[in-house]
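My notes follow in the order I took them.

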Amino acid sequence: MSFQNTGVVGGTVPNANMAASLDDDDFEFDNQDYYSLLNVRKEATLEELKASYRRLCMLYHPDKHRDPELKSQAEQLFNQVHQAYEVLSDAHSRAIYDIFGKKGLEVEGWEVVERKRTPAEIREEYERLQREREERRLQQRTNPKGTISVGVDATDLFDRYDEDFEEMPGGGFPHIEINKMHISQSIEAPLTNSDTAVLSGSLSTHNGNGGGNINMTVRRVTSAKGWGELELGAGDILGPLIGLKVFRNLTSRCFLTAQCGLQFSPRGLRPSCSLMTARHLDQNTMGYLQWRWGPNSAMTTSLVRDTKSSHFTLALQLGVPHSYLMMSYQYKFQDEDQTKVKGSVKTGWFGTVVEYGAERKISRHSVLSATVSIGVPQGVTLKIKLARASQTYLFPVHLTDQLLPSAVFYATVGPLLVYMAIHRLIIIPYTQAQKEQDLELQRKSSATDIAKKKHEAESAVLLMQESVRRIKEAEESKMGLIILNAWYGKFVSDTSQKQEKAKVIDVTVPLQCLVKDSKLILTEASKAGLPGFYDPCVGEDKSLKLLYQFRGVMHQVISADTESLRIPKQFHRIESES
């Protein structure tokens with residue numbers, strides 16, 4: 001990770017109050033969408049904004065209403081429309097609104113930003129402030145990372161060939177034991193904007209013998225193109241260590257990493273050195289070439305291709321004592337759980353290993369994976385991995401030293417059946433309960449705002465009645481577009497009619513009011529911001545269902561909340577016919 005000090009671009013910096021306001025964790029974008037209120041695209045031109053503004057002004061102008069209550073409601077809605085138009089029709093305010101939302105316009109400091117600055121410059125100013133904010137937050141973080149590995153020896157489940165086995169004490173039950181463990185942990189401590197200290201340590205044990213080490217690394221970002229780090233370490237087996245590592249971007253498509261170290265061991269000094277260069281071959285493909293000299297000298301070349309749906313790796317290593325050829329492939333399903341299946345084969349002087357497995361996201365911060373490793377002479381091993389945020393838990397279970405079909409079968413089917421049972425009995429109920437809890441908290445926190453929006457929507461519908469009557473009369477006279485029924489919200493099963501009514505609202509009048517020249521056009525934005533609409537089910541997926549009549553024929557349409565809608569869909573062809 002690199003951090004760069006960036007100067008101010010093109011003008012005056014917003015004052016300290018503004019920076020403090022942007023740094024406030026409570027700063028959130030307002031849920032009122034000016035584009036949705038005016039029913040225009042985010043790329044709408046000034047002419048489109050003016051046309052929508054004039055139409056809504058005619059609808060909500062206070063002078064059109066004599067009733068004091070209706071006049072007051074019209075005044076409120078008229079002011080909202082006017083405010084939306086004032087912001088979006090001004091390029092400077094619109095750029096701020098697009099980045100920060102409505103609350104961004106209320107932050108002190110924009111008045112000192114030069115008016116002549118373009119939206120691109122304002123966005124760059126915002127990104128600079130965000131970088132400063134992240135740097136301040138970084139100084140308060142330690143970014144802990146850890147790994148716990150527990151090796152299990154379960155070969156007694158399959159390798160039971162002793163003739164006198166039943167005569168041994170406890171011979172009726174297989175002997176399963178933990179034969180190795182490894183624990184490592186690291187924390188980061190930012191010293192300055194360009195310097196970071198990393199403290200890490202590890203402990204390992206295998207069959208009763210173990211050891212540990214501790215390392216201290218100081219990393220300095222020298223420029224946008226490179227960084228360097230110094231490592232100091234000590235352990236109870238190998239002795240003190242000193243190392244130096246340098247990273248440098250050679251070009252926009254190529255980088256280089258060089259590393260050297262000196263290990264003080266009981267057998268004397270053990271120097272080591274490595275050099276690695278990488279190059280972008282295309283948008284999704286990287287090529288690597290690494291040379292390593294020391295206790296395990298080798299030359300390695302690899303090709304890595306990563307796309308949205310797959311990941312492929314091909315590597316060749318020539319070295320002492322190990323040389324190998326490895327190929328792996330991973331397929332990524334485009335589902336909510338980010339499921340992946342993978343397989344690899346690796347062959348060399350040490351033998352051949354074939355691996356296959358799957359990975360799936362089981363919660364917001366947790367990923368579970370299982371891999372079956374089949375090798376000669378390694379045998380069969382089941383590897384289970386759980387990644388939870390920045391912590392990783394590994395459980396390699398060695399099943400047999402031989403290639404037994406029964407071990408392969410149980411290593412493949414066993415974890416699958418256990419996962420399906422846990423997923424159905426524990427994970428699904430837990431995630432559903434968590435989702436319901438989050439929705440309930442969201443509903444409670446926004447209850448006041450929703451009640452206000454509901455009142456505004458009801459007031460808007462009352463103000464629309466006269467305009468809707470005139471629009472319907474005009475459309476009926478030419479057999480145009482008549483909205484018969486329209487509902488907005490979350491639709492449930494037909495057997496739960498009571499629930500359905502509680503989660504949807506009638507928007508027949510607001511939609512008919514948007515009809516112009518026998519056409520209804522809704523932009524790609526949440527329809528909750530349209531005049532006469534509000535959100536009846538906060539945090540849940542919503543859709544729009546409407547029944548309309550056009551040229552004497554009835555049609556039904558169901559549209560997702562943020563999906564654009566044009567009724568009738570063939571209106572461009574109808575215009576050409578006329």
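**Entry 1: ground rules**

Before anything else I wrote down what a bend is: the bend at a residue is the angle between axes fitted to the seven residues ending there and the seven starting there. I also noted that helices (H or I, at least four residues) and strands (E, at least two) are DSSP runs, numbered from the N terminus.

This is a predicted model, where local features need pLDDT of at least 70 and side-chain atom pairs count only at pLDDT 80 or more, while totals for chains, interfaces and linings use all residues. Residues are numbered from 1 along each chain as its sequence is written, and side-chain values use heavy atoms, with hydrogens and water left out.

**Entry 2: how confident is the model?**

I looked up pLDDT, the predictor's confidence in each residue, from 0 to 100. The chain has a mean of 81, and 82% of its residues reach 70 or more. Contact here means heavy atoms within 4.5 Å. Residues 496–500 also stay under 50, and for them the model has four contacts beyond four places in sequence.

**Entry 3: helix H7**

I checked the length of H7 (residues 405–445) next. The expected span of a helix is 1.5 Å times one less than its number of residues. With 41 residues H7 should span 60 Å, and its end C-alpha atoms are 57 Å apart, which agrees. Where is the kink in H7 centred? I found it on His423, at about 45°.

Then I looked for buried residues (buried means under 20% relative accessible area, exposed over 50%, partly exposed in between, with a 1.4 Å probe and protein chains only). In H7 they are Ala407, Ala411, Tyr419, Ile427 and Leu439. Their cover includes strands S14 (351–361), S15 (366–376), S16 (379–388) and S17 (391–400).

**Entry 4: helix H8**

H8 (residues 447–477) has 31 residues and reaches 43 Å from its first C-alpha to its last, close to the 45 Å expected. H8 bends by about 45° at Gln465. Its buried residues include Ala457, Val461, Leu463, Met464, Ile471 and Glu475. Helices H3 (46–60), H4 (68–88) and H10 (508–513) and strand S18 (481–489) are among what covers the buried residues of H8. Just after H8, Met479 takes a positive phi of about 50°.

**Entry 5: cores**

I reminded myself that in soluble globular proteins, nonpolar side chains tend to be buried together. A nonpolar core is a set of buried Ala, Val, Leu, Ile, Met, Phe, Trp, Tyr and Cys residues joined through side-chain atoms within 4.5 Å.

Which members of the largest core touch the most other members? Of its 26 residues, they are Leu38, Leu49, Tyr60, Leu88 and Met464. Helices H2 (34–38), H3, H4 and H8 each supply at least two residues of this core, and H4 gives the most, with eight.

I followed up Met464: leaving aside neighbours within four places in sequence, Met464 is in contact with Leu59, Tyr60, Val509, Pro510, Cys513, Pro531 and Gly532. There is also a second, separate core of 23 residues, which includes Ile483, Leu511, Leu520 and Leu546.

**Entry 6: charged pairs**

A salt bridge is a side-chain nitrogen of Lys or Arg within 4 Å of a carboxyl oxygen of Asp or Glu. My search of the whole structure found 16.

- Glu43 pairs with Arg41, with the closest N and O atoms 3.7 Å apart; Glu43 is exposed at 56%, and Arg41 is partly exposed at 36%.
- Arg469 and Glu466 meet at 2.3 Å, N to O. Because they are three residues apart in H8, about one helical turn separates them.
- Lys478 pairs with Glu475 at 4.0 Å; Lys478 is partly exposed at 47%, whereas Glu475 is buried at 3%.

Salt bridges that share partners join Glu466, Arg469, Arg470 and Glu473 into one network.

**Entry 7: a loop residue**

Is Arg267 buried or exposed? Arg267 is exposed, with a relative accessible area of 84%. Arg267 lies in the loop between strands S7 (254–265) and S8 (268–280). Arg267 and Leu238 are 29 residues apart in sequence and 9.2 Å apart in space, C-alpha to C-alpha.
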